[in-house]
2 protein chains.
Amino acid sequence: MVKISMLSTGEEVLHGDIVDTNASWLSELFFEQGFALDYRSTVGDQLEELTTEIIALSQRSDVVIVNGGLGPTSDDLSSLAAAQAAGVALELNQEWLATITEYFSRIGRPMADSNAKQAMLPQGAIVIDNPVGTACGFSIELNGALVLFTPGVPFEFKKMVRDEILPTLKSRFPDVERLVCNKIYTFGLGESGIADTLSSLDIPEAFSLGYRSYMPFIEVKVFSPYSDSKIETVLTAITEQLKDNVLGINQPLIEVLGDGLMDKQWQLSALEQVTGGELARQMYQSESTQQSFIQSVVDNQAEPLTELTDALLLANEYRLDTQSDIVLANFKLDDESFALALSSKLGNYVQNVTFKRTYPIKAQQVLITTVLLDMLRRHINDESPFVEFGHFERLSVIERKQ
Amino acid sequence: MVKISMLSTGEEVLHGDIVDTNASWLSELFFEQGFALDYRSTVGDQLEELTTEIIALSQRSDVVIVNGGLGPTSDDLSSLAAAQAAGVALELNQEWLATITEYFSRIGRPMADSNAKQAMLPQGAIVIDNPVGTACGFSIELNGALVLFTPGVPFEFKKMVRDEILPTLKSRFPDVERLVCNKIYTFGLGESGIADTLSSLDIPEAFSLGYRSYMPFIEVKVFSPYSDSKIETVLTAITEQLKDNVLGINQPLIEVLGDGLMDKQWQLSALEQVTGGELARQMYQSESTQQSFIQSVVDNQAEPLTELTDALLLANEYRLDTQSDIVLANFKLDDESFALALSSKLGNYVQNVTFKRTYPIKAQQVLITTVLLDMLRRHINDESPFVEFGHFERLSVIERKQ
């Protein structure tokens, strides 16, 4: 097994000014590619600390990814630390100097002296291209390890890792078997609920499951060897077990809906008396939902409905007013229960639900939005829009086909 | 200086399934309290790796915070690793066993055998109370360092750090001077822009500045000794220098507005033809803005206005229709420019703005929302609602006092 570690650098990371999302992003990507990390560390911008840590990681690992500290300012010390760790001098890399000189002349701005510093690399270092910034990456060999230096700007870092570093690792370690990760987006079950539900399944040994919680979804990650013939069978078994709790496979719900609405050429509007604009906000998450979205009225001070049937009438009326194909609507019925309605030319549907426990208002809005979006998903699939989810108790439903 | 390190444990952290927000949260809090971290590392759930790392950190540090691995399942190995590192056995801690036995009897559920495992601590360990969970924290002394073990559940972790660990550190290291951190929320300047603007100021040596970017704001953090007499002077000097770019001091803009709207007893509605529900969403962020919010119409397919004055008319009309005191409204004028309007009984105001560079649609919505919220803030303060921000070029304004 290839031993891989990552060193995050910088006071802003070490002191919590920024959350180290580069580390979690790299860790997840590498794991999926078969290059699981076995160690990560973080140090500040002190030359001795950096140098010591680079040496220590090179001794314990086959590959070390160093992130940050390649900028133009005096507290960016990764190149100097690399040179010190390797016992060589820094030298001006003519190739990278030419690249950034050309870059500044192209954008018509003078190059600061501090940018020239970014072309100072340890002797013998190999440049890693950065097509989107002035900090080049580079690699050195140290104590038998390949040590790769990468910029801290997330956009530059991610591009360099994807386009340059992963291919390098794959060709250096051709025997590492890439995993494939299929993602099942679930709603309405907790992690332990999902694990219990799946415990009866006979998952092949080469497969493993992981969970990741994205409020309000829990993503079930199914890792397997890249070209395993059983992948389809396992995914089908899992989705059959989780049934109505599966809202998307390898595609988040909102994208599933975007495709569905585009397919049907349906235009959607929303009446939001509970969800405070959350439905509208979600419709902006992909181009396809955005194009299928007409309008939402977010009403914060509306009176509760007296009758559940009012929800059907209001949703239907609003659909006709706005010339929408679909209306999703939510209303208060009283302090504890809510009417969730869907109106289309095929029919009008409403359910009266209440939460099983207390949630903060923001969570309530997201949970109700998710149920409504799932009603839409099921309607697009010609299924009944009413299913049970763990967060809610369903008190009653009304269905009126047109 | 006290040397402090943190060890995050668990495959889910190491492989990027979760972002290590416990680490950034602790790092920020400790920094502000004068206990800056000097090293962080992450390992998975392997006993040997954990043991080795606990020993290594105890050798380099005065204080080590270990996070995670105290749960009831077999992959939770931190207690065992602690015992192995210290060369002692695990023993059943009667005090903690009694605590969790009592806890389960209180909630009326049987205690699983696996929970009893959570009371197995290294001989000589001192319990750290966890009033909100079944995993107790504990501390051991190792190689002259105080090593503190904490649960991974963020809510339990944060409570334990605040209520137990910080007071312990303060009494163990009474000479560490606590910093105070005042936060200035700015908008419309980049980090380097702010640094340039502030470079002319004579900041006392005991003070230091930090920046934290929360899109769309950049928070300027002013660290100083806890009871320094110059704090007010320095804060005033900084806010005077940054002028209209300061949208809040020690309080985010939305909370400033919540207080302002409550004070004036103004009720607000919004017309969103560009911001896709972002204004409505933000009004839900605090109780005070929520209570002052009537409704928003989020319109995605409205035609661009032909005249800037139409924005004034529409905002004013909508204000009267909804019986609101304030309307914030945004409209497309053409593909490149937008009308941002505020209507109140004091007057109607609109500005025609265009972005100086290309932003993704989500960022456009947030930036425009922020400008409108700042127009409201300034209106509440009886100031002209029009100021310049770095992201925008302002093409024209119309102001009609009533």
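**Exercise 1.** In this predicted model, determine which residues A:Glu164 contacts, leaving aside its neighbours within four places in sequence.

*Solution.* Step 1: Locate the residue. A:Glu164 belongs to helix H7 (residues 154-172) of chain A. Step 2: List the contacts. Once neighbours within four places in sequence are set aside, A:Glu164 is in contact with A:Ile128, A:Asp129 and A:Lys159. Step 3: Classify the exposure. Buried requires under 20% relative accessible area and exposed over 50%; A:Glu164 has 29% relative accessibility and therefore counts as partly exposed. Step 4: Compare sequence with space. A:Glu164 and A:Pro174 are separated by 10 residues in sequence and by 15 Å from C-alpha to C-alpha.

**Exercise 2.** Describe the span and the burial of helix H2 of chain A.

*Solution.* Step 1: Consider the span. Helix H2 of chain A (residues 21-32) contains 12 residues and reaches 17 Å from its first C-alpha to its last. This is close to the 16 Å expected at 1.5 Å a residue. Step 2: Consider the burial. In H2(A), 11 of the 12 residues are buried, and the helix is thus mostly covered. Among them are A:Trp25, A:Leu26, A:Phe30 and A:Phe31. Step 3: Examine what comes next. H2(A) is followed by A:Gly34, which has a positive phi, near 90°.

**Exercise 3.** Explain why the salt bridge between A:Arg378 and A:Asp244 ties together separate parts of the sequence.

*Solution.* Side chains of opposite charge can pair when their charged atoms come close. Step 2: Check the distance. A salt bridge needs the nitrogen and oxygen within 4 Å, and for A:Arg378 and A:Asp244 the N to O value is 3.3 Å. A:Arg378 lies in helix H14 (residues 361-380) of chain A and A:Asp244 in the loop between helix H9 (231-242) and strand E12 (246-249), so the pair joins parts 134 residues apart in sequence. A:Arg378 is buried, at 9% relative accessible area, whereas A:Asp244 is partly exposed, at 31%.

Definitions and conventions:
Residues are numbered from 1 along each chain as its sequence is written. Chains are lettered from A and ligands numbered from 1 in the order in which they are written. This is a predicted model: local features need pLDDT of at least 70, side-chain atom pairs count only at pLDDT 80 or more; totals for chains, interfaces and linings use all residues. Side-chain values use heavy atoms; hydrogens and water are left out. Helices (H or I, at least four residues) and strands (E, at least two) are DSSP runs, numbered from the N terminus. The expected span of a helix is 1.5 Å times one less than its number of residues. Buried means under 20% relative accessible area, exposed over 50%, partly exposed in between (1.4 Å probe, protein chains only). Contact means heavy atoms within 4.5 Å. A salt bridge is a side-chain nitrogen of Lys or Arg within 4 Å of a carboxyl oxygen of Asp or Glu.
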